[in-house]
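Here is a short report on one protein chain. Look at the sequence and the model first, then read on.

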Amino acid sequence: MSDDGEKDNGADEQRSSRPESAASRRARRRPAEGKGEPGGKGSVKGKSAGASPPNRTDGGSPAVTKRDRGEPKQPLPKRIVRYLREVVAELRKVIWPTRKQMVTYTIVVIVFVIFMVSLVALLDWGFGKVMFALFG
């Protein structure tokens with residue numbers, strides 16, 4: 001322990017509790033990406049991330065699509081399979097709530113809905129009374 005009461009354990013600094021940023025999760029998943037490739041993804045020598053190419057003057061990245069490059073469109077079954085794989089990959093990144101959190105959130109939503117229904121019903125009843133008093 002150090003003077004201020006914290007542990008001097010390097011493992012604690014490397015593995016912190018949640019939440020952690022998406023960038024750190026990506027870096028942990030693909031530690032070797034971009035290594036060994038001079039211009040590969042993840043290699044940012046001499047350039048800032050997201051820098052535009054030298055021939056661009058508007059500061060944006062070139063909007064070149066697969067169709068612009070002349071690549072043929074994938075068949076529908078392959079596009080569907082790719083889409084489903086991407087959906088599963090995104091769902092793996094989700095930090096799902098615990099059961100306790102879900103119960104808490106559900107109770108909060110139910111209480112809020114009951115409050116709003118009561119408020120609208122009260123306003124409806126009040127405006128109805130006023131309208132009957134005015135126009136009888």
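## The annotated stretch

In this predicted model, residues 102-123 are 100% helix and 0% strand. The end C-alpha atoms of this stretch are 31 Å apart. An unreviewed UniProt entry lists residues 102-123 as "transmembrane region".

## Helix α4

Helix α4 covers residues 99-135, which makes 37 residues.

After α4 comes G136. The phi of G136 is positive, near 35 degrees.

## A nonpolar patch

V109, F112, V113, F115, M116, V117, L119, L123 and F127 make a nonpolar surface patch.

Take V117, which lies in helix α4. Is V117 buried or exposed? Its relative accessible area is 54%, and exposed means over 50%, so V117 counts as exposed.

## The whole chain

The protein chain has 4 helices and 0 strands. Along the sequence, the pattern reads α-α-α-α. Buried residues make up 2% of the 136 residues. The accessible surface is about 13000 Å², and 61% of that surface belongs to carbon and sulfur atoms.

The chain averages a pLDDT of 76, and 60% of the residues score at least 70. Among the elements, α4 has the highest mean pLDDT, 97. Helix α1 (residues 10-14) has the lowest, 50. Where pLDDT is low, the predicted coordinates should not be read in detail.

Note on methods: Residues are numbered from 1 along each chain as its sequence is written. This is a predicted model: local features need pLDDT of at least 70, side-chain atom pairs count only at pLDDT 80 or more; totals for chains, interfaces and linings use all residues. Side-chain values use heavy atoms; hydrogens and water are left out. Helices (H or I, at least four residues) and strands (E, at least two) are DSSP runs, numbered from the N terminus. The expected span of a helix is 1.5 Å times one less than its number of residues. pLDDT is the predictor's confidence in each residue, from 0 to 100. Patches are made of residues with over 30% relative accessible area and no salt bridge: like charges are joined within 9 Å, nonpolar side chains (Val, Leu, Ile, Met, Phe, Trp, Tyr) within 5 Å. Accessible areas come from the Shrake-Rupley method with a 1.4 Å probe; for residues, only the protein chains shown count as cover. A salt bridge is a side-chain nitrogen of Lys or Arg within 4 Å of a carboxyl oxygen of Asp or Glu. Buried means under 20% relative accessible area, exposed over 50%, partly exposed in between (1.4 Å probe, protein chains only). UniProt positions are given in the numbering used here, feature names are shortened, and annotations may be inferred rather than shown by experiment.
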